[in-house]
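Please keep the sequence and the coordinates open while reading.

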Amino acid sequence: MPNTAPARADHDDNSLAADWRRNLVEAGPEATQVLAALAETDAAAMAVHFYQVMMGDPRASRLLSHEQVRTRLQPAMQRWVNGLLRATPDDVEGLIAAQRVIGDVHARVGIPVDLVTRGTRVLKQRLFQSIAALAGHGQVAHAAVASLTASFDIALEGMTLAYSNARERSSRTDAAYRLFSLVQNVGTERERQRALLLDWENTLLYALASQCDTAGFPSLAGSEFGLWFTHKGVPSFGESAETRQICELIGEIDNALQQTLRSENDPRVRAIQLQDIRSRVSQVRSLLGMLFERIGELDAGCDTLTNLLNRRFLPTVLRREIELAAKSQSSFAVLLLDLDHFKAINDEHGHEVGDRALQHVATILGQFTRGSDYVFRYGGEEFVVVLVAVDEPQALVIANSLCRRVAESPVALANGDALAITTSIGVAVHDGHPDYERVMARADAAMYQAKKRGRNRVVLADGSLPEAPGRIALQRG
């Protein structure tokens, strides 16, 4: 199925942008000047007031520390208020994009939408008072209030759209991860359900051919396959065109079956009806195979080359570890490993040797991490290890051990030679921030420094490290 989400998001953005531009134009230059003046005088105070309201709710105080609010979030809120108060029609595209980013961050962190709505409501009330003090209650003041209200509401709508889309993506990924955890052997489950569907079809054929009493014959929906598909299959595969089509086909099959069982014993009529049922069952079988193939190749979460988890489920794991760390007052660490000079390995020895090197490192990571830790193929020659329930010294001991073991374990080549390989590792210990992107960015910055400092080494992330250039954000869950 083609993914229509980007097109839908673009359509939503275009609609919001058109409304926002129209609102700014209709406000008029005098109202625009009033709002711009408030940006000078009130933006900083509004940011402080917003987080006073937010931190008064225990849900926010669990997610955000006062230090985070003071050093990072209040300045960001001040910039947000300032941007809305100074907005011009030419700024709208950038403002829309900024709201999408904010909505994505809120979704990753888990900030409840009602808290953000409450904060913006309080801000508007304060700003209305400031408008009255500055411009009175005449036509200009009314125009400024209308423009301010529309800008805040459109910005909040843009955030909410991004938030909803991000949460929907996360929910689908989390559901797929639950399936992966529950059904490790997708192939076995696929064959079992195909066998149950075939068994129902063969039993029907036998009953009709032998003219047995079919009064108690189960509908397909009531069969073991039908019950599994309704109660487990659809939640596991997720709502899609294929699952909806299978549900419709099951209904059509059962309706046709009832007609067949009620029809007179005309062999020709029954043969036609039975052929129609079997045709629909064949469609169910084909669609089911497509769904299992999709789960097996994408949602099983396993990298085909290394048999490690792929990055698809990394957001799910990091979100859970952040929640557990907050509940237990513990910490975890992320190791980002990159094989050194991997391009040279591929160029000199070929991609087959490169693949063998990746498999070799994956084996080392699996052998020398704990069963409770997570090991991912992050992409290309990069791996991610999530070390659960560790502090900084423990994380460094494990990271240095892995770095040493890779360096001391050359890859055996087909001609009997041994290929020496090394890895650079960035280590980031979770610092309490609720956004999983932060710990990944810190690990990436540390890994980049390990490369710059000569490779084959471990670097611990701290506040002094610059962000890695060209960093690719973690796929959003």
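## Helix H12 and the residue after it

Just after helix H12, Gln329 takes a positive phi of about 55°, in a model that is predicted.

H12 itself runs over residues 314–328, and its 15 residues should span 21 Å at 1.5 Å a residue, which agrees with the 21 Å between its end C-alpha atoms. The buried residues of this helix are Leu314, Pro315, Thr316, Val317, Leu318, Arg319, Glu321, Ile322 and Ala325, a list in which Arg319 and Glu321 count as charged.

Helix H6 has 23 residues and reaches 32 Å from its first C-alpha to its last, close to the 33 Å expected at 1.5 Å a residue. Its buried residues are Leu115, Val116, Gly119, Thr120, Val122, Leu123, Lys124, Leu127, Ser130 and Ile131. Ala132, which is also found in H6, counts as partly exposed because its relative accessibility is 24%, and its C-alpha atom is separated by 9.0 Å from that of His142, 10 residues apart along the chain. H6 is followed by Gly136, whose phi is positive, near 75°.

Helix H8, residues 186–209, has 24 residues and reaches 35 Å between its first and last C-alpha atoms, where 34 Å would be expected at 1.5 Å a residue. Among the residues of H8 that are buried are Val186, Leu196, Leu197, Leu204, Ala207 and Leu208, and Glu189, Gln193, Trp200 and Glu201 are buried in this helix as well.

## The contact of H2 with H6

Two packed helices are described by the angle between their axes and the distance between the axes. For H2 and H6, the axes come within 9 Å and cross at roughly 145°, and H2 passes H6 in a right-handed crossing. The residues of this contact divide into 16 nonpolar, 4 polar and 3 charged.

## The second largest pocket

How much space lies in the second largest pocket? The volume is about 810 Å³, and of the 30 residues that line this pocket, the closest to its centre are Leu73, Ala76, Ile102, Val105 and His106. The elements that give two or more residues to the lining are helix H2 (29–55), helix H4 (66–85), helix H5 (92–109), helix H6 (113–135) and helix H16 (436–452).

Of these, H5 gives the most to the lining, with 8 residues. By class, the lining of this pocket has 20 nonpolar, 3 polar and 7 charged residues.

## Single residues and distances along the chain

Met159 lies in helix H7, residues 139–182, and with a relative accessibility of 5% this residue counts as buried. The C-alpha atoms of Met159 and Gly103 are separated by 4.2 Å, although the two residues are 56 residues apart along the chain.

Leu413 has its place in the loop between strand S5 (411–412) and strand S6 (418–419), and is buried, with a relative accessible area of 14%. Its C-alpha atom is separated by 9.6 Å from that of His349, 64 residues apart along the chain. Asn400, placed in helix H15 (residues 392–407), counts as partly exposed at 38% relative accessibility, and the C-alpha atoms of Asn400 and Ile425, 25 residues apart along the chain, are separated by 8.5 Å.

Notes
Residues are numbered from 1 along each chain as its sequence is written. This is a predicted model: local features need pLDDT of at least 70, side-chain atom pairs count only at pLDDT 80 or more; totals for chains, interfaces and linings use all residues. Side-chain values use heavy atoms; hydrogens and water are left out. On a 1 Å grid over the protein atoms alone, a cavity is a set of points where a 1.4 Å probe fits but cannot get out, and a pocket is an open set with protein on both sides within 12 Å along at least five of seven lines; lining residues have an atom within 4 Å of a point. Grid points are joined across faces, edges and corners, and a volume is the space filled by probe spheres set on the points. Helices (H or I, at least four residues) and strands (E, at least two) are DSSP runs, numbered from the N terminus. The expected span of a helix is 1.5 Å times one less than its number of residues. Buried means under 20% relative accessible area, exposed over 50%, partly exposed in between (1.4 Å probe, protein chains only). Axes are lines fitted to C-alpha atoms, for helices over the stretch in contact, and angles run from 0 to 180 degrees between N-to-C directions. A crossing is left-handed if the near helix is turned anticlockwise from the far one by less than a right angle, and right-handed if clockwise.
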